[in-house]
Amino acid sequence: NISSTTSSVRPVPSRRKWFVDLKPSKQERLTIVAAAAAANNNDGAVATAANDAVSLTSLGFSEQKVADLIPQEDDDRLLARRSWDIALGPLKQLPMNMIFAWMAGNSFSLMSIMIVVMLFQKPIQTIFSLSSAFASLEQEGVGGNIWLLKLVYFLGSLTHLALALYKCQSMGLLPTYNSDWIAFADQQTQMEVTAGGFSYF
Amino acid sequence: MRWRKVFETNEYGKIDRIIWYDQESVIISGQGRRARSLRYADGLEVWQLAATTTNTNSNQDTVAKHCQVIKNRYDPGTIHILSDDLLWSVSSYGEMLWSIEIPIKSTLKNLFLLSTSQYVIVGSLDSNSNQLQVTYYSKQDGQQAFSSSLPWSFNAKDSLNKCSTMNNLILCSNNEELSIITIPTTTDDTNVKTRHIKASSKIEQIRILYESTTRSVILIKSDNGETKIYQFNKKESTSEWDFNELNIQMKSNSFISIATDKNLAGQQILEASANDQKLNFHVSTINEQTLTNTRSYSVELPENMGEIEYLAYSVVKNTQLVTLRMQDGSLLVIKLADNGAELILHRDEALSSIISVETFDLSLSITQMRIEEEFGGTGMFSMFTKRISSQVSQLISFFLRLLDLFTHGNRNRDYLDKQAALVRDEFNLNKILIVVTSVGKVFGILTQSGGILWKNFFPNFAPFEHFNAVHVPLFHIRSAAHYTHEPLASIVYRDRNSLHDTHIRTFNPYTGDLENNLTTSSLPYHVKRVFLSTQAVDEFCKVLLFVDTNNKIHTYPSVPLSRALSTTIPTYIYLFDKSEQAFVGYYLSIDENDQKTSTNLKEVWRVSFQNEEVINIHTRLSSDRVHSAGIVLGDRSVLYKYTNPNLIAVVTEGIDYQKVPFVNIYLLDTVTGSVKLSHTHKRVKSPVHIVLSENWIVYTYYNQRYRRYEAVSSSLFEGEAQYNYSTFSSFDPIEPVIQSKAYILPYGVNAIQVTTTEKGITSRDIIMATPNGMLIEIPWILFDPRRPLDLTPMDREEGLIMYTPEIMVNFESVINYYKYVYNIRGIHTVATGLESTSIVFAYGLDLFFTRVFPSRIFDQLKDDFDFMIIGWSTVAFVVGSFVAKRFASIHQTKKAWK
């Protein structure tokens, strides 16, 4: 937290790259004085809190956000590129996963099972984080074709799932044969009852 | 027990006579073909001799062999043995003195063997001329000295049954007359003298009680119960004998035995009789013609043991000992002393003749019962009140128990322990075994200790004949599952005296108490077969169904057949008729509203065997469960099993037109009468031991050509598709595919059985009892008929092992370790509450009980599982994590200060 505060910027209408206002405002000066007084009187814990308060409102910090001042046409191009980057992300990872899957082999070992678990886990995670992946884009206000992007992203994840299923199939983990269901078969009911044996006389 | 010697199971192990010496005894067995000597001190077999025979094949088995063994009274170290046409002499030191073969003639039968100081005399009956030919052989070298003949009025069979020999006398009973024939002992004297003793009615039995060179005592028993005892005294310097009657008042059921002792002046005679649970003895000394010094003893027996079957009286170092074998197979040794008789040994030898075994679950404990009750309700409100009330009662009983512990301490601990032994354990591992023995004694045995819980003796007991074995039907009338009702077991047996009468005895397997409502001795029909109903009738009790000789079916107790048998599923009954050598199948049709308690059976099929004789029928265990309907192959397809529960295995034996003996095995469907499998084995000898389970059969036999024991395993499959996945009917047009393989066994087989588990999920093991006393557990996978000749990856995927003809048995699979058990006749397996565990009970001469785990212990923790380490490490981790949390926060704070 301490380090993050130093890079903040104060809003200035001119087109300079960045600037830091080294002159503390009146309110900031007041808090520093109050904190110093408290540190002298009380125990360490309060002093730390006061210290935090000081560092939170260190020099150059501003509560206000700075508007991005990149020209509109440039922004749109960059935004489109970034959004397609996000949307195609899963698809781009597919070749790597395929190599992984191929290398794991079809035998059962700790490695191959871990890779199969990973193959399933990743696309499911990406599908669930679909909205958060596009959250920043939505904030930017790209509303028009975001559904298309989401669809592409979703389909990309599905290819991963398909790969995982194919892997399971080739490893024999999918219950696609009769033999996989035989344990659940009920016992046959008998249509006849017999009794008897040798006769005593 | 100091030592024991188990003889062969074949004819060489059958003891003909035992001759007792001071240090050792000579035992003649195998119809006079084997002689061996056992030392008393350590049971060591000092020597063994086999008779030298040249003509073994001439008349084997066709003529009933006859054997006579005598100890030469004038030379006690010499034993003469007459075995059919072979006469041989052995000395008690294990030296074969001589052996001769008496020339065979079809009309001549060697019957009697007598001995004198110089000669061994053989009496042979010439059936042509009705003369007894008496031949004298020299005692020293067996040379024939001379012979004479005398008229003889009995035929060969009567002579054997009604005559006995004693010194140089032949005693024969002829209705009311006892003839005493004196055989001359020297060449000079050739007079054969015959004298008679009259009895009041027909003589039933002559027994020689005591025999010496100068004096003998015999007992004559008439069929009106009168018993007389005669004393024989040798006349000076002749071969003739005087006799006189000893006046003893005897009861009809009493036994007599005589003991001599060097210290005693004469012989002591002991009369013993059994009376309910009491044994009465009268000991007297024989004085010339009268009895003196009569003393009476009596001893209370711990239970009813029936009549006396054998009595021996002996005086050892001034201690009078009486050894008895009772009708129930008990061995008793009673010491007679001045202060009365004392029972010093009682062994239940009946346990070595078990013929039927059933197991019962132990009763639920009170808490388990409450749990059953607690979850027993149906309505929501009733269930709720039940739970509350039962939990309150649990709380009360808990406090009462605490109170009891404080006030009484451990005083009634023994009683509680005994009660606890009868309560079912958590996994239902401990059971109670009900065993029926061939003498009519029934035992309840606890499996956890092997202790006998109770015993019942049924005096008029006779088992049913079952091919070459005996058989007693033993049924679960009510199982232990109904905790509100005590379980019941029934046995059905014949009457000893009138074999057509059938008795039913129903008892509680926990206590042995008879249930008199379900016990009867009089059924108004002759029973041909008995079996258990498929449905429980009153109070969860099943009923017995009897097929009588008119092919009518009856219920006992009398209930309508429609209640005892299912009306929706048809019932078929099959019976094997031994005289016709045919299986006959009957159909039983029951109308739902019919109240008849008996009905006629309709014949629907018949399978008869020609030129072969059925020697055994084998059915699958009633507890057999099949869990999976098929086998998963390497390519992940399914091979469906043909699990027909109506199959029985039939073993037949015969001799084909080339005089080659063969054995046939059939799998017969008892609903349709169709044969599903038939195998022929040539040059093969029975006994055939069979295991029939799931969809497979394993059987063993002796191969005479290669002189080894072999096993054949066959499996039946429906194929790649199932005809009907939900129901099975024998009428389904399924032609099962059969796969078979034969294997060579490393040992012979006495009995064979398969393990049983509750659900049938666990893989199967074959338990095999071998003649050398081992019980071997062999996985069925080794007998799998699908074991391939060359192993493909697909087979390996399936888990098959490559076929090798030999079944390798490593010694780890011997489940009784060095506790060898001999002459096992049967093995009983039961499922337990744990799927991994099966109970094995082997019975025969010895009994053995254990648990086996065919698929290892997969549903329980190992014995060496360390609860302490797990418990303490869990505690340590919890404590450690709290400590670490504290330290971490301190560390964080310190770091923040920096």
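## Polar contacts and the salt bridge

Between chain A and chain B, 21 residue pairs are in polar contact, both residues at pLDDT 80 or more. The model is predicted. β2(A) gives the most, with six residues.

How many salt bridges are counted between chain A and chain B? The count is one. A:D180 forms a salt bridge with B:R636. Their closest N and O atoms are 3.1 Å apart.

## Extent of the interface

The contact takes 26 residues from chain A. Chain B brings 51 residues to the contact. The size of an interface is often given as the accessible area lost when the parts come together. Here the area buried between chain A and chain B is about 3500 Å². Carbon and sulfur atoms give 55% of that area.

## Domains of chain B

Chain B is divided into domain 1 (247-348), domain 2 (364-421) and domain 3 (866-897). The C-alpha centres of domain 1 and domain 3 of chain B lie 81 Å apart.

## A four-stranded sheet in chain B

Four strands of chain B form an open sheet. Their order is β21-β22-β23-β24, and the pairing is antiparallel. The edges are β21 (255-260) and β24 (290-300) of chain B, each of which pairs on one side only. Neighbouring strands of this sheet are turned by 20° against each other on average, direction ignored.

β21(B) and β22 (residues 267-275) of chain B pair in the antiparallel sense over six bridges. B:I258 stands opposite B:I269 in β22(B).

## Backbone points to check in chain B

Two cis peptide bonds can be located. One runs from B:Y556 to B:P557, with omega near -10°. B:P557 sits in the loop between β41 (552-556) and α5 (561-564) of chain B. Another runs from B:S686 to B:P687, with omega near 5°. B:P687 is found in a strand, β52 (residues 684-693) of chain B.

B:Q31 is not a glycine, yet has a positive phi of about 55°. B:Q31 is placed in the loop between β2 (24-29) and β3 (34-39) of chain B.

Technical notes: Residues numbered from 1 in each chain as written. Chains lettered and ligands numbered in written order. Predicted model: local features only at pLDDT ≥ 70, side-chain atom pairs only at ≥ 80, totals over all residues. Heavy atoms only, no water. Domains from an automatic or database assignment. Pairing = 2+ DSSP bridges. Helix = DSSP H or I, 4+ residues; strand = E, 2+ residues; numbered from the N terminus. Axes fitted to C-alpha atoms, helices over the stretch in contact; angles between N-to-C directions. Contact = heavy atoms within 4.5 Å. Buried area = accessible area lost by both parts, 1.4 Å probe. Salt bridge = Lys/Arg side-chain N within 4 Å of Asp/Glu carboxyl O. Polar contact = N/O pair within 3.5 Å; in protein donor to acceptor, adjacent residues only side chain to side chain.
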